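Welcome! Please take a moment to look over the sequence and the model below, and then we can walk through them together.

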Amino acid sequence: MLFRSARDGSATWITGGPARELAHKLRTQVDAILVGGTTILADDSQLTARPRGKLAARQPLRVVIDSISATPPDAKVIGADGRCLIAAGRDAHDDDVARLQAAGAEVVRFPGPGRRVDLRALLDHLTARGCISVMAEGGGTVLGALFDAGLVDKV
């Protein structure tokens with residue numbers, strides 16, 4: 001599901017209803033959904049599976065790659081169900097990590113090169129906790145990094 005966010009905060013869908021419905025159906029079939037922190041800051045996405053507009057019984061783990069833990073504690077992705085993992089990097093401040101944990105998110109550090117999160121370590125962590133299928137929804141930096149690291153199986 002894609003929409004374009006403008007600098008003024010407005011947004012315009014760039015996918016139609018059938019594509020959004022398919023994405024929600026796919027979300028019911030995967031163990032985790034992966035996005036970057038910039039996507040959450042721009043869109044405040046829920047990342048829940050809502051086929052036909054109704055919350056599905058089976059919900060994927062919502063994973064946000066946020067190297068500095070800048071996700072707001074009131075972000076929709078965190079929710080009250082404890083199914084949000086913030087993948088932080090070495091530059092995440094302890095106060096920010098504690099703030100996200102208090103809001104209900106699980107925060108795990110995956111220090112990688114520079115300020116980035118080690119994607120291979122993150123995927124290994126997800127596999128160890130039973131997440132076999134992970135759908136990366138974006139943004140461009142995350143998708144590019146996954147391709148660059150050879151971690152994409154299917155498009």
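How many salt bridges does the structure hold? The structure holds 6 of them, a salt bridge being a side-chain nitrogen of Lys or Arg within 4 Å of a carboxyl oxygen of Asp or Glu. Before we visit some, a word on what you are looking at: this is a predicted model, in which local features need pLDDT of at least 70 and side-chain atom pairs count only at pLDDT 80 or more, while totals for chains, interfaces and linings use all residues. Residues are numbered from 1 along each chain as its sequence is written, and side-chain values use heavy atoms, with hydrogens and water left out.

Let us start with Asp31 and Arg58, whose side chains meet in a salt bridge at 2.7 Å, N to O. Asp31 sits in the loop between helix H1 (17-27) and strand E3 (32-36), and Arg58 in the loop between helix H2 (37-43) and strand E4 (61-65), so this pair ties together parts that are 27 residues apart in sequence. Helices (H or I, at least four residues) and strands (E, at least two) are DSSP runs, numbered from the N terminus. Asp31 is buried, at 18% relative accessible area, whereas Arg58 is partly exposed at 38%. Here buried means under 20% relative accessible area, exposed means over 50%, and partly exposed is in between, using a 1.4 Å probe and protein chains only.

Another salt bridge joins Arg99 to Asp96, with the closest N and O atoms 3.1 Å apart. Both residues belong to helix H3 (residues 94-103), where their spacing of 3 residues amounts to about one helical turn. Arg99 is partly exposed at 28% relative accessibility, and Asp96 is partly exposed at 22%.

Arg129 and Glu106 form a salt bridge too, their closest N and O atoms being 2.9 Å apart. This pair links distant parts of the chain, 23 residues apart: Arg129 is in the loop between helix H4 (119-128) and strand E7 (134-138), and Glu106 is in strand E6 (residues 106-109).

Now for the sheet. In general, strands of a sheet pair through backbone hydrogen bonds, either parallel or antiparallel. Here 5 strands form an open sheet in the order E6-E5-E4-E3-E7, with parallel pairing; two strands pair if DSSP finds at least two bridges between them. E6 and E7 stand at the edges with a single partner strand each, so one side of each has no neighbour in the sheet. On average, neighbouring strands of this sheet are turned by 25° against each other, direction ignored. E3 and E4 pair in the parallel sense over 5 bridges, and the bridge partner of Gly36 in E4 is Ile65.

Which residues touch the most other members of the largest nonpolar core? They are Val63, Ile65, Leu122 and Leu126, in a core of 19 residues. A nonpolar core is a set of buried Ala, Val, Leu, Ile, Met, Phe, Trp, Tyr and Cys residues joined through side-chain atoms within 4.5 Å. Two or more residues come from each of E3, E4, strand E5 (84-88), H4 and helix H5 (140-148), and H4 gives the largest share, 4 residues. Leaving out residues up to four places away in sequence, Leu126 touches Leu61, Val63, Leu85, Cys131 and Val134, where contact means heavy atoms within 4.5 Å. Apart from this core lies another, of 18 residues, including Ile33, Ile40, Cys84 and Ala105.

Note on methods: Axes fitted to C-alpha atoms, helices over the stretch in contact; angles between N-to-C directions.
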